[in-house]
Amino acid sequence: LRLLESFAGGLLQAAVLLALAPLLRGLIKKMKAAFQTRQGPPLLQGYYDLAKLLGKEPVRSDTSSWVFVAGPRLYFATVVAATLLVPVIHAGAPLEQAGGILVLVGLFALGRFALALASLDTGSPFGGMGASREMTVAALAEPALMLGLITVALWGGSLNLGELARSSALRGPSGHPSELLAAAALFIVLLAEAGRVPVDNPATHLELTMIHEAMALEYSGPDLALVEWASALKELLFMTLLVNLFMPLGLSASARPAALAVAAALYVGKVFLLAVAVMLVESTNAKLRLFRVPELMAVSLGLGFLALAIRFL
Amino acid sequence: VTDLLPWAFGVRLAALALSLALVARPAWCRRLAFAGSILASGLTGAAGLAVLLGATPPHGILWSHAPSGFAFGYALAPLSAWFLVVLAALAIPAALYSTGYLPHALPPVRVAFVGVAFNVLLGAVEAVFIADGVVGFLFAWELMTLSTAALVATEHETASHRRAAFVYLAMSHVGTGCLVAGFLVLTSLAGSPAFPAVLSGGVAAGGLRDVLFAVFFIGFGVKAGMVPLHVWLPEAHPAAPSSVSALMSGVLIKTGVYGLFRVCAFGLGAPRWDWGVAFALVGCLSALLGVLYALAQNDIKRLLAYSTIENAGLILLGLGAGMMALSSGRGELAAVGIAASLYHVLNHAVFKGLLFLGAGGVVMATGTRRIEELGGLARRMPWTALFFLVGAAAISGLPLLNGFASEWLLFQALLQGFQATLTLSRLIYPVAGALLALTTALAAACFVKAFGVTFLALPRSEAAAGARESPRTMLLPQAFLASACLLLGLFPGFVLQALGRVAASLPGVRPAPEMARSVFTVAPGPGHFDHLAPVLLALAVLLAAALAGALSLAPGFRVRHAPTWGCGGVLSARTEYTATAFSKPLMMIFGAVYRPTREVQALGEAYFPREVTYRAEIEPTFERFVYEPLTRSVLAVAHRLKIIQAGSLHAYLAYVLLLGLALLLWLGGGR
């Protein structure tokens, strides 16, 4: 029965996060526009786009192989599976039996691997450019991500996110300065993983600057919808991870509906705050040259290491 | 249970003798050699497996020589059994593959030669793993080195292959020299050449123990491919025929790892903390430099060879973590590091063997190892592409495959080591963890390049455009290894149960019984530290993939095919992204490691050149700054010593006489 319960919980969690992901992107876009005193696209534009793309017939390149078809599907699948490993409003994750932080990072890597290969398959130089840059940025972000995550995990005594959520929901945030440093480190990684300014620009279609867009350039119809949806979900998931690791406030330890409703409201508030932070960074910074990105990642790595050092020495 | 090992050696010797007798009829010689090899490997693998499943480890005497009192004793301890199973898991597919591959790659007589050398090599490696005495071990070790050198020089018409064999021999003998020295000291101290006496742990103490550790570390390190003793590896591994390359990368470097386990970690008494740190540091260095150099290669077999250095580094890092835990008396934690290391030994054999076999198929179909001339092979060689992709994903440490399982375990060993240590020195663990994360991500970039440029998009040459799929004898072994990648990744519990037995047989290591909680779940740690259940994860991913499939079918099954958009121009293989371009950003970012030199020449007018030539190379740092000065000074000394090499027999006889006299005086004086 518990298995069935967690199965149902998992389905629900994945469905809700999938449903919310396009809204988050729309929200950031809208706030960015407001910040620049523009009108901006409608808040729900993400949903309109997905609906349109899912109804269209895909166009695929003559030169591509099955890898091109499999890429977006595997990318989507890994991100959706990853939603099951992260606590959202309940102090526990539906699929926490399967693994913790390392599996989460591994799933992201698998999705990235699939999409990078798929983008090489059309023979377009843009695809290659995107794949090369994506793998480069990911390689630099990976140690920073890992260091930031293990700082939190080692303090909580577990690499399992459900376990961590339970212990931090009971304890509450410690307010230790190391948490601030680790949060800053992971915030930088979030900007890189979600393809945000200053690492990548989600609004650009200028070939020389894009990373993620270059990988998705040859996709159309439902294939493109899967890629875009999964990317939005990945961003939401990353933000969820961040807010729940560093602001566990509101994670409900019980499954009572009232408690969960409060937790849900708090969750929306926390993610909104983080979205505002992302929007502010995007609006006030210019995109970095590709070869300045390593410096940013080094900053993140340094912050992560400092966080670890002051926490454990 | 009957002891299968003597039978295995008997079969191998019979196959050898018969195939030598049939050299005049190459086809029969070839079939016999490889069929015999498969049978013998099957027998040794079964013997090893039996021990891993709990049978009493057999021991005995394989061959003895009464007049000299020499006997080749063997003992199949669980550690040896593990390595023997790893060997068999790769040797059987490699032998089957050879029957399909070699006749296309080499002239018939040489195929017969390779068949014979292949058997000698495998027999020697098996003997290394089971030898129970110093003399037998060193004899097998040397036989292994010589037969490998012969196989590296299979195509000795090419100067670079001859050089590769020479460098391999030179480096190996530096290593063997260290081993002989170390074992002589140990044997004279122990008073017996048998391993139980020599490696009992109490033979040497104090400073001598440290010196012996260093000597063996170097001696076995050469074989294991650790940086900076790795220079032979990227030359030798690509030079051999692909099935032999698979064996060299998959298993031969593991003989060095076996030695490091047997002697450095568990043969010299309880390891010191510094020894573990040395292992971890060299492991991290090898892993990072190995993958960085691999990323820069555009020759597919050289790329795979450099990635072997990376994986050897991961194996050493796991062993280092185990030794550090052992030095502070934490047997349960040590078991995690040891298990991670040994798990990766098996995994690396499986996926690197798979990748080399796939690369061999590509080389056979296209006649080139340069990936810049390949492309589009996924449509022409679909099975090879699929299997290579599985191997590439596994070696990149991606979940659901075996590479992830062992790297996950390695992270556990490091992070639990951090939890368990309370001094400042524990910072080494998270630093190693961050380096491990970097290495894994770089490996993913490296294999996106290796697979993407080789198999995807448009073919970049006529040869690639006309490639044909490999024959079934070559695909079957790859299918076997690819499914092994998947199974070893999905059911880590099976592997950890066997590894628990291996770890328990090592002195001081006490694996926790719940390390393998069930076949599906592993949880090597205290309380709720972490656990992994890949089958659950696979189910979730499959369900989500089904959802993706359903969503994408919303508009029905119609698909339009069109050429890739070329911005108004014609898109051809010339406009594709190249391998060099793919790795360029990382090469620039890690420029301090590569120290690249670039040369661009334009012919014609300044702004409208007729022709542009571009040449880029990376500096072989170790070759230039370590080995060149070293060889120069050795040659200089040799030059000086030429004075006493007069070429006259009388002088040499006089030397012998003088030496004999000196020895007599020295021995007499000691009395």
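This is a predicted model: local features need pLDDT of at least 70, side-chain atom pairs count only at pLDDT 80 or more; totals for chains, interfaces and linings use all residues.
Residues are numbered from 1 along each chain as its sequence is written, and chains are lettered from A, ligands numbered from 1, in the order in which they are written. Local features need pLDDT of at least 70, side-chain atom pairs count only at pLDDT 80 or more, and totals for chains, interfaces and linings use all residues; side-chain values use heavy atoms, with hydrogens and water left out.

**View 1. Chain A as a whole.**
Chain A holds 11 helices and one strand. Helices (H or I, at least four residues) and strands (E, at least two) are DSSP runs, numbered from the N terminus. The order along the sequence is α-α-β-α-α-α-α-α-α-α-α-α. The radius of gyration is 19 Å, close to the 20 Å that the globule rule gives for 313 residues, so chain A is as compact as a globular protein of that length. That radius is taken over C-alpha atoms; the rule is 2.2 Å times the number of residues to the power 0.38. The C-alpha trace spans about 55 × 45 × 40 Å along its principal axes.

**View 2. The interface of chain A and chain B.**
Contact (heavy atoms within 4.5 Å) links 76 residues of chain A with 74 residues of chain B. The buried area is about 6700 Å², with 76% from carbon and sulfur atoms. Buried area is the accessible area (1.4 Å probe) that two parts lose on being put together, summed over both.

Two salt bridges cross between chain A and chain B; each is a side-chain nitrogen of Lys or Arg within 4 Å of a carboxyl oxygen of Asp or Glu. Arg558(B) and Glu57(A) form a salt bridge at 3.5 Å, N to O.

**View 3. Strand pairing between the chains.**
Strand 1 of chain A runs parallel to strand 3 (residues 560-562) of chain B, joined by three bridges. Two strands pair if DSSP finds at least two bridges between them. Val59(A) has Arg560(B) as its bridge partner in strand 3 of chain B.

**View 4. A hairpin in chain B.**
Strand 1 (residues 59-65) and strand 2 (residues 70-75) of chain B pair antiparallel over six bridges. Trp63(B) is partnered by Phe72(B) in strand 2. Four residues lie between the two strands of this hairpin. Gly69(B), in the turn, has a positive phi of about 75°.
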